[in-house]
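Me: I would like to know what lies behind the labels used for this model. Please set each value against its cut-off.

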Amino acid sequence: MLEEYKQKREIIKQMGGPKAVAQQHERGSWTARERVEYFFDPGTFTEMGLFVEHRTTAFGLDKREIPAEGVITGFGKVNGRLVMVASEDYTTMAGTFGEYHGKKFSQAVDMAKDMGIPFVGMNDSGGARLQEGMDTLQCYAWLFRSQILASGIIPQIALLMGPCLGGQAYHPVMQDFVFQCRETGRMAIAGPAFVKTQTGEDIDLDTLCGVEAHAVKSGETHVVAEDDQDCLDKTKELLSFLPANNREKPLRQETGDDSERIDPELDTLVPEDPSIPYDMHDVIARIIDNGHFFEILKDFAQNVIVGFARFGGRPAGIVASQPMCAAGALDCDAADKVARFVRFCDLFNIPLVNLHDVPGYWIGSAEEWKGILRHGAKMLYAYVEATVPKITVVVRKSFAGAYTGMCCKDTGADLMFAWPIARICIVGAETAASVIFAREIKGAEDPKTMKAQRIAEYRELFENPYRAAERGFIDDVIMPSETRKHINRALDILENKTVVRPWRKYSNINL
Amino acid sequence: MAAIVAPMPGRVVDIKVKVGEAVENGQELCIIEAMKMQMPVMSPQSGVVREIKVAAGQGIKKGDVMMELDLHHPG
């Protein structure tokens, strides 16, 4: 009896057999079981549904064994904390998504939701198991439903480790973060052959849906990984910043970096001339714990930077302008990037730190016609509705709609600081003077001098941090070198912040 | 050959090189301005400036070709 038990288990654990496993390795990939083994702390994985089998009889499938239904599901510990996985096995009938494969996958998500632990999907599948007809379509519906109902309750991370085409592409993209392996991860609503027959477009798989397509162009891939090991390492790193569910706070860790540390370099790091770009990453690295920053969507909408870091050991989400790219002005893609990140942080009790050096939202026909107003509105909704601690620092510029859209005091910041070089105003002096004094400048004996004089007056009066501070729109003008200290003290006072608002189903955010 | 395209819409403020000039990887080719920011545009590789298609003061759209370089191919 025990022998039979051992043998049954052993056969299933061999997945698609030695030949298929060798092919998987030749592609530079690990098998589903190797991934699970590497991901969890040694000896902590508990598998569920090892013996599950399909019940299809059509097209000879009744004679076909599909070990574990091509997906390994279960739970284990990652750095001591429970996580649920579904790891698709490409060696077993190409990891195709059949009825019971889908059932295992969606039940794993349901269980993660009900138990309040993060879910990680290791996706590597040839797509729908077409021999099962309607049953395979319906199991996509189960999975979509499970994921969406778990959204906002547990963190969900999708890893693109192999092909994810057709139905397989919808479910990763609906999770909170998508990681893509550079050489093997591919995600598309339809593959090249289907694209060719339906639209005539000739395109190869990598160009259509490789890392360049999604990490740079579509903004659907949040993190690019070099290979399976790098992908799993980065997933563990991200998990370290997140709580297990929406009822918990993220874990505070000792980082050894003094929360009151002063950084004198910061006082001269940013050029005073607002038209000179610099890399905001340099500012971020100096204010966070040990310079350790986990950037999200690094290659997409680079005019803003978002990611996770720690302050005094507390995980926080950072949203920062990037003056080095597109003037740090906000376009439609940047607005989408910020809004979804802010909402994720708010769902999982992660405080937000916002660093402004932003001249405004991008103007002109290109962005206007893409809908910059409705995309920009997403940021306002996200920040105003977020109830987590929010701290804003105006590093240099904060003008116009972007001042409100990147979280000023009245769009959500609990505490707001500005550096002495900050310019906080409705518009820049050139624009303001050319509107207010248009007639006077036109009628002047020397219009050029008059214009310059009026610009200088407006700049003197309004382009500074003190008009905003006079009204209490910012709480203090601080030395750049003391930024970290002020952020940490703000996070201390905001630790137990509570917000009570009247019931509504949800807001009508501009999706 | 490499086309140097405008990374954002705006106005050309200054051209830093001449036709026929050898440029290094990372060298400033021109400066464009938009949304209150001056953005240096750098050479992506070393090479020689073949053609300059814009002049200082000129308006540009994102993606406009501003210059063309003949690249040096080491080895």
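Reply: The questions below take up some labels in turn; the model is a predicted one.

Me: Why is His375(A) called buried?

Reply: His375(A) has 22 other C-beta atoms within 10 Å. The label needs 20 or more, so His375(A) counts as buried. The residue is part of helix H15, residues 372–385 of chain A.

Me: Which residues is His375(A) in contact with, leaving aside its neighbours within four places in sequence?

Reply: They are Cys332(A), Ala335(A) and Asp336(A). A contact requires C-beta atoms within 7 Å. Helix H13 of chain A covers residues 332–347, and H15 is listed among the elements that the buried residues of H13(A) pack against.

Me: What makes H13(A) largely enclosed by the rest of the structure?

Reply: Of its 16 residues, 12 are buried, and therefore H13(A) is described as largely enclosed. Among the buried ones are Cys332(A), Ala335(A), Phe341(A), Phe344(A) and Asp346(A). The buried residues of H13(A) pack against strands E9, E10, E11 and E12 and helices H14 and H15 of chain A.

Me: How does the span of H13(A) from its first C-alpha to its last compare with the one expected at 1.5 Å a residue?

Reply: H13(A) reaches 23 Å, close to the expected 22 Å. The expected value is 1.5 Å times one less than the number of residues. After the helix comes Asn349(A), with a positive phi near 60 degrees.

Me: Why is helix H7 of chain A said to be hardly covered?

Reply: H7(A), residues 192–199, has eight residues, and the count of buried ones is zero. Just after H7(A), Gly200(A) has a positive phi of about 85 degrees.

Me: Why are H4(A) and H5(A) called roughly parallel?

Reply: The axes of H4 (residues 99–115) and H5 (residues 134–150) of chain A cross at roughly 10 degrees and come within 8 Å. Angles under 35 degrees count as roughly parallel, so the label applies to H4(A) and H5(A).

Me: What kinds of residues form the contact of H4(A) with H5(A)?

Reply: Phe105(A) and Val109(A) are among those on the H4(A) side, and Trp142(A) and Leu143(A) among those on the H5(A) side. The residues of this contact divide into nine nonpolar, five polar and five charged.

Me: How many residues does each chain give to the contact between chain A and chain B?

Reply: Chain A gives 16 residues and chain B gives 10 residues. On the side of chain A, these are 10 nonpolar, five polar and one charged.

Technical notes
Residues numbered from 1 in each chain as written. Chains lettered and ligands numbered in written order. Predicted model: local features only at pLDDT ≥ 70, side-chain atom pairs only at ≥ 80, totals over all residues. Helix = DSSP H or I, 4+ residues; strand = E, 2+ residues; numbered from the N terminus. Contact = placed C-beta atoms within 7 Å. Axes fitted to C-alpha atoms, helices over the stretch in contact; angles between N-to-C directions. Parallel < 35°, antiparallel > 145°, perpendicular 65-115°, else oblique. Nonpolar A, V, L, I, M, F, W, Y, C, P; charged D, E, K, R; others polar.
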